[in-house]
Amino acid sequence: MYTDPIADFLTRIRNGIMAGHDAVVIPASRMKKNLAAILLQEGYIHGFKAVEHEGRDYIIVNLKYVKGGDPVIHGLRRISSPGLRIYAGVKEIPEVNGGLGIAILSTPRGVITGKDARKHNVGGEVLAHIW
């Protein structure tokens with residue numbers, strides 16, 4: 001049993017990339033589907049699909065690589081954790097790698113990127129950085 005489902009989501013993607021897999025299977029939740037949708041929207045993955053197997057829901061995330069076999073995702077970092085929540089106001093939303101990565105936030109408008117949070121003028125909990 002894992003205590004931090006978001007960290008588990010990021011770790012499964014990181015391990016899949018390091019092993020060179022085309023896809024990873026992740027136990028499903030609404031939060032994980034939202035995170036996968038953001039990764040798809042920002043072009044970090046090819047796609048994802050929700051499936052059911054033996055009464056349990058899973059997400060299959062198709063990882064994306066460039067022509068040379070290098071992964072599109074170079075790094076993932078969990079920022080806020082269950083033991084230490086990290087919040088940022090709209091003026092404190094971090095830029096990741098000088099704007100080359102994304103920050104993912106949980107806001108009153110849902111799970112969105114830092115760029116969208118600035119556009120909607122909302123802050124929230126900084127979940128992760130992806131670059």
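In helix α1, the buried residues are Ile-6, Asp-8, Phe-9, Leu-10, Ile-13, Gly-16 and Ile-17. The model is a predicted one. In this model the buried residues of α1 pack against β1 (23-27), α2 (30-41), β3 (56-63), β4 (76-78) and β8. The points below take up the helix, the cores, the sheet and some single residues.

**Helix α1**

- Helix α1 covers residues 5-19, which is 15 residues.
- From its first C-alpha to its last, α1 reaches 21 Å, close to the 21 Å expected at 1.5 Å a residue.
- An α-helix has 3.6 residues a turn, so residues three or four places apart point the same way.
- Among the buried residues of α1 are Ile-6, Phe-9, Ile-13 and Ile-17.

**Nonpolar cores**

- In soluble globular proteins, nonpolar side chains tend to be buried together.
- The largest nonpolar core in this model has 24 residues.
- Phe-9, Ile-13, Ile-73, Ile-104 and Ile-130 have the most contacts inside this core.
- At least two residues of the core come from each of α1, β1, α2, β3, β6 (102-107) and β8.
- Helix α1 gives the most to this core, with 5 residues.
- Phe-9 is in contact with Ile-26, Lys-32, Leu-35, Ala-36 and Leu-39, if its neighbours within four places in sequence are left aside.
- A second, separate core has 9 residues, including Ile-93, Leu-105, Ile-112 and Ala-117.

**The sheet and the helices across it**

- An open sheet is formed by 3 strands in the order β1-β3-β2, and the pairing is antiparallel.
- Strands β1 and β2 stand at the edges with a single partner strand each, so one side of each has no neighbour in the sheet.
- On average, neighbouring strands of this sheet are turned by 25° against each other, direction ignored.
- The antiparallel pairing of β1 and β3 runs over 5 bridges.
- Val-25 stands opposite Ile-60 in β3.
- Helix α1 lies across β1 and β3 and runs at about 160° to β1.
- Helix α2 lies across β1, β2 and β3 and runs at about 155° to β2.

**Lys-49 in strand β2**

- Lys-49 belongs to strand β2, which spans residues 45-53.
- Residues up to four places away in sequence not counted, Lys-49 touches Tyr-58, Ile-59 and Ile-60.
- Lys-49 and Asn-62 are 13 residues apart along the chain, and their C-alpha atoms are separated by 8.5 Å.

**His-129 in strand β8**

- His-129 is part of strand β8, residues 124-130.
- Is His-129 buried or exposed? His-129 has 13% relative accessibility, and because buried means under 20%, this residue counts as buried.
- Apart from neighbours within four places in sequence, His-129 is in contact with Gly-75, Leu-76, Arg-77, Ile-79, Pro-94, Val-96, Ile-102 and Ala-103.

**Val-72 in a loop**

- Val-72 sits in the loop between β3 and β4.
- With 21% relative accessibility, Val-72 counts as partly exposed, because buried means under 20%.
- Val-72 is in contact with Gly-43, Tyr-44, Lys-64, Tyr-65, Val-66 and Trp-131, again leaving aside neighbours within four places in sequence.
- Val-72 and Met-31 are 41 residues apart in sequence, and 22 Å apart in space from C-alpha to C-alpha.

- Most residues other than glycine have a negative phi.
- Asn-97 has a positive phi, near 50°, and is a residue other than glycine.
- The loop between β5 (87-88) and β6 holds Asn-97.
- Asn-97 counts as partly exposed, at 46% relative accessibility.
- Asn-121 is not a glycine either, and has a positive phi of about 60°.
- The loop between α3 (114-120) and β8 is where Asn-121 is found.
- The relative accessible area of Asn-121 is 55%, so this residue is exposed.

Technical notes. Residues numbered from 1 in each chain as written. Predicted model: local features only at pLDDT ≥ 70, side-chain atom pairs only at ≥ 80, totals over all residues. Heavy atoms only, no water. Helix = DSSP H or I, 4+ residues; strand = E, 2+ residues; numbered from the N terminus. Buried < 20%, exposed > 50% of the residue type's maximum accessible area, 1.4 Å probe, protein only. Contact = heavy atoms within 4.5 Å. Expected span 1.5 Å × (residues − 1). Core = buried A, V, L, I, M, F, W, Y, C linked by side-chain atoms within 4.5 Å. Pairing = 2+ DSSP bridges. Axes fitted to C-alpha atoms, helices over the stretch in contact; angles between N-to-C directions.
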